Amino acid sequence: MNQTPNTNKAQALASEKTELKREVGLFGGVSVLGGIMIGSGIFYLGSIVLQRSGMSMGLALLVWALGGLVVLFSGICYAELGAMMPKAGGGYVYLREAYGERVAFMSGFSNFILGSSGSIAALAVAFPEAIASLVPLSPLACKAIAIGMIVLLSAINLFGIKLGSRIQNFFMVLKLLPIVLIIVCGIFMGQQTPNLSLVPDPAIAGTPSLFKICGMVAFGVVATLWAYEGWTNLNTISEEIKNPKRNLPLAIILSIVGVMLIYVLFNFAIYRTLPYETITAMLASGDLFLGTAAANTLFGSAGKIIVGSTMIVAIFSALNGCVMVFPRTYYAMARDGAFFKSAAKLHPKYKTPVFAIVLSGVVSIVLVCMQNLSQLTSLVAFCGMFFNTMTFYAVIRLRKKYPDLERPYKVWGYPVMVVLVILITIGLLINTLVESPVTSIIGLSVPAVGLLLYELVFKKSREAVLAAQRAEAEAQATDNKEEA
């Protein structure tokens, strides 16, 4: 059978051959995603969801479950793509194959400048703030600790993904212990019998129509998506996962389902612990930390220590996960000739992208030193969702482009499921555009600058890599034809 260059390219995309070390197992994959998803937000995001659900506890729990299902449906799209093309870079690779290098570069550049680096910086800033809930810290000390954490975790992850993964596994378990303790004690020791009807509180929402309730549910689901944020990141280290065609999809599904159960049960434990009147009074006063109040009710003075310690561990775990995975995108871009050449170099012993990790850390530290970090990172939120939507549609495009490529895992209910996810994300895009039109439009300037940079700086090096790949594929096709 003759093989064309395109066939050889498809085989290369599906190949598990890599210069990196495959040292992340199934539990490690779950720890990466779970560690990034479960942060300090578990203690206060439930308040926002409850408010958006018209103070209906039953409706709020349903919203948490629906949010988890939306993320799960999105995750299975990434599961198909990751199992089909187990390559470092994740979303960057899928966008490149579906739409070309320019779109992929704009996405990767946006993450490098703000999206991914901003996430690392935000978590680094949040880490000393969590410590300050237990021990007073000056603003200067907080800034120093934030920078120190980026330096420390970047250094640790230079010494191989195995070490970074082991740390992630340890802190994932350490983080879950107090959360599970609150869930178990809250459910079985709580004295409250929460009203789990799906009808909003008349004192808050009046007598809403079914249409209005559906709108409240949709608004609440948007809030839960912040709590599930981070589920896309495992694909970025696909070349370092053992048996990725099995473990990557399984880790995505297990982590999303597991986190969904934790969020639903955690909030139910809060409802079992705190009287409804206490909850409404807290929210009316602007105190959103219902999880902290529940821990204080269950464990007395020790509750503050339990919550503070959990937040510190949770943020550390999320920060380590981000420092671990984000530089792999820059490594993939550099390997394509679409980024600084040094970012493609691996440590001779540990096989980690040293320069990419260092560069990621430097940009993150710069963002930590800026005063308007939250405003800066919000600029890229809109285009981040836009590229995510394009990635979902890439499932359909790549099935047409590479129809014969092995797909060890396929999206359930294709293409209906993919279309449903796309429609949901388009709805979120519209919602974001309506709520923050100026910020969303300004945010598009980041990928626009990226496109200009690509044309001026990286286009020639990328074309050189493509020419070399085409020549190699043609030579391989000729050799195969002669052998046949």
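Biologist: Let us start with threonine 224, which has its place in helix H10 (residues 210–228). What makes a stretch a helix here?

Modeller: Helices are DSSP runs of H or I with at least four residues, strands are runs of E with at least two, and both are numbered from the N terminus. Do keep in mind that this is a predicted model, where local features need pLDDT of at least 70, side-chain atom pairs count only at pLDDT 80 or more, and totals for chains, interfaces and linings use all residues. Residues are numbered from 1 along each chain as its sequence is written, and side-chain values use heavy atoms, with hydrogens and water left out.

Biologist: Thanks! Why is threonine 224 called buried?

Modeller: Buried means under 20% relative accessible area, exposed means over 50%, and partly exposed is in between (1.4 Å probe, protein chains only). Threonine 224 has a relative accessible area of 0%, so it counts as buried.

Biologist: Which residues does threonine 224 contact, leaving aside neighbours within four places in sequence?

Modeller: Its contacts are Val49, Val63, Trp64 and Gly67. Contact means heavy atoms within 4.5 Å.

Biologist: Now the loop between H10 and H11. What makes glutamate 240 buried or exposed?

Modeller: Glutamate 240 is in that loop, and its relative accessibility is 1%, so the word is buried. Beyond four places in sequence, glutamate 240 touches Leu20, Lys21, Arg22, Glu23, Val24, Ile161 and Arg328. Isoleucine 161 is 79 residues away along the chain, with 7.7 Å between the two C-alpha atoms.

Biologist: Asparagine 243 is in the loop between H10 and H11 too. Why does asparagine 243 get its accessibility label?

Modeller: Its relative accessibility is 40%, so asparagine 243 is partly exposed.

Biologist: What angle does H6 bend by, and where?

Modeller: The bend is about 60°, at asparagine 111. A bend at a residue is the angle between axes fitted to the seven residues ending there and the seven starting there.

Biologist: Why is helix H11 (residues 244–273) described as largely enclosed?

Modeller: Of its 30 residues, 21 are buried, so the rest of the structure largely encloses H11. From first C-alpha to last, H11 reaches 42 Å, close to the expected 44 Å.

Biologist: How are two packed helices described?

Modeller: By the angle between their axes and the distance between the axes. Axes are lines fitted to C-alpha atoms, for helices over the stretch in contact, and angles run from 0 to 180 degrees between N-to-C directions. The axes of helix H14 (residues 302–325) and helix H15 (residues 327–335) come within 4 Å and cross at roughly 5°.

Biologist: What does that make H14 relative to H15, and why?

Modeller: Angles under 35 degrees count as roughly parallel, over 145 as roughly antiparallel, 65 to 115 as roughly perpendicular and the rest as oblique. That makes H14 roughly parallel to H15.

Biologist: Which residues meet there?

Modeller: Cys322, Val323, Met324 and Val325 in H14 meet Pro327, Arg328 and Thr329 in H15.

Biologist: Finally, why is lysine 345 given its accessibility label?

Modeller: Lysine 345, in the loop between H15 and helix H16 (354–368), has 55% relative accessibility, so it counts as exposed. Histidine 347 is also in the loop between H15 and H16, and its 25% makes it partly exposed.

Technical notes:
The expected span of a helix is 1.5 Å times one less than its number of residues.
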